[in-house]
Amino acid sequence: MRKKGSFSALLYRELLLLRKSLTTYLIMTFIYCLMPVLVILSIRYGNLAMLPEHILNDIRGGNDLMLKLLAVITPCMLSSAASESAVFDTQIKWDRFRRSTPVTPFRMALAQYALVSILLVLSVVVAVGMIGLCTSLLGTSMTKTDIAMIMALIIIINMMCVVSQTFIMLFRSVDKGMLAMLGCSVAVSFLAYEKLGANITVDRLLSGAEALLPLTPVILMGILLLGCGLTTFIYARREK
């Protein structure tokens, strides 16, 4: 009877494999989170106070989208770091070695997406914290739209990670997998533009994200389950 393999050891393997990538992401997150804070402080006390009045009014009112994106885009990408394990596994041909171990395909996939889930929660906490810090420095309050923007970004980033990881594993090639993911992204963007056209505006996108906000936990859970299921299926298929 085949043993399942230690789950804690598998999770440790994922952390060990991604230690350099996670360190890089954390450093980038710190730098990019520091930038909007410095911008706000410069607006209040420094040279940026000489910007045109209409720009300053948008920022002071908490309505500057670019500043908010700058504050949350890198924290939202933290959860995508775990998807790089597929890249490293392909490069070192881990799948060939894994088949000689007692590790089942499901536990291998579960360990990968357990780490994704942990980083996803960390992404949400850091991103919400950054929005809260920026709005408090500006003397405003965090809105439902801000939370919706964060969750929409995390959904998009994690969906792209699942697609890229699946293609990389299917093709057993990082270049082919990333190219396939890029092709899918371009195709979806093109179809969305063809269908909606000029109706696509920032306000409409934010309104749509706000409408989907109550469903985001279900959507994220579905993405994680889909990724785990696809990874398990690919691993199991190669054992036949």
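The model is predicted, so local features need pLDDT of at least 70 and side-chain atom pairs count only at pLDDT 80 or more, while totals for chains, interfaces and linings use all residues. Residues are numbered from 1 along each chain as its sequence is written, and side-chain values use heavy atoms, with hydrogens and water left out.

**Largest pocket**
- The largest pocket holds about 1300 Å³ of space; a pocket here is an open set of points on a 1 Å grid over the protein atoms alone, where a 1.4 Å probe fits, with protein on both sides within 12 Å along at least five of seven lines.
- Its lining (residues with an atom within 4 Å of a point) has 46 residues, and A152, L153, I155, I156 and I157 lie nearest the centre.
- Helix 8 gives the largest share, 15 residues; helices are DSSP runs of H or I, at least four residues, numbered from the N terminus.
- By class, 34 lining residues are nonpolar, 10 polar and 2 charged.

**Helix 5**
- S85, A86, V87, D89 and T90 are the buried residues of helix 5, where buried means under 20% relative accessible area, exposed over 50% and partly exposed in between (1.4 Å probe, protein chains only).
- After helix 5 comes K93, with a positive phi near 55°.

**Helix 2**
- L41 sits in helix 2, residues 19-45.
- L41 counts as partly exposed because its relative accessibility is 34%.

Methods
Helix = DSSP H or I, 4+ residues; strand = E, 2+ residues; numbered from the N terminus. Points joined across faces, edges and corners; volume = space filled by probe spheres on them. Nonpolar A, V, L, I, M, F, W, Y, C, P; charged D, E, K, R; others polar.
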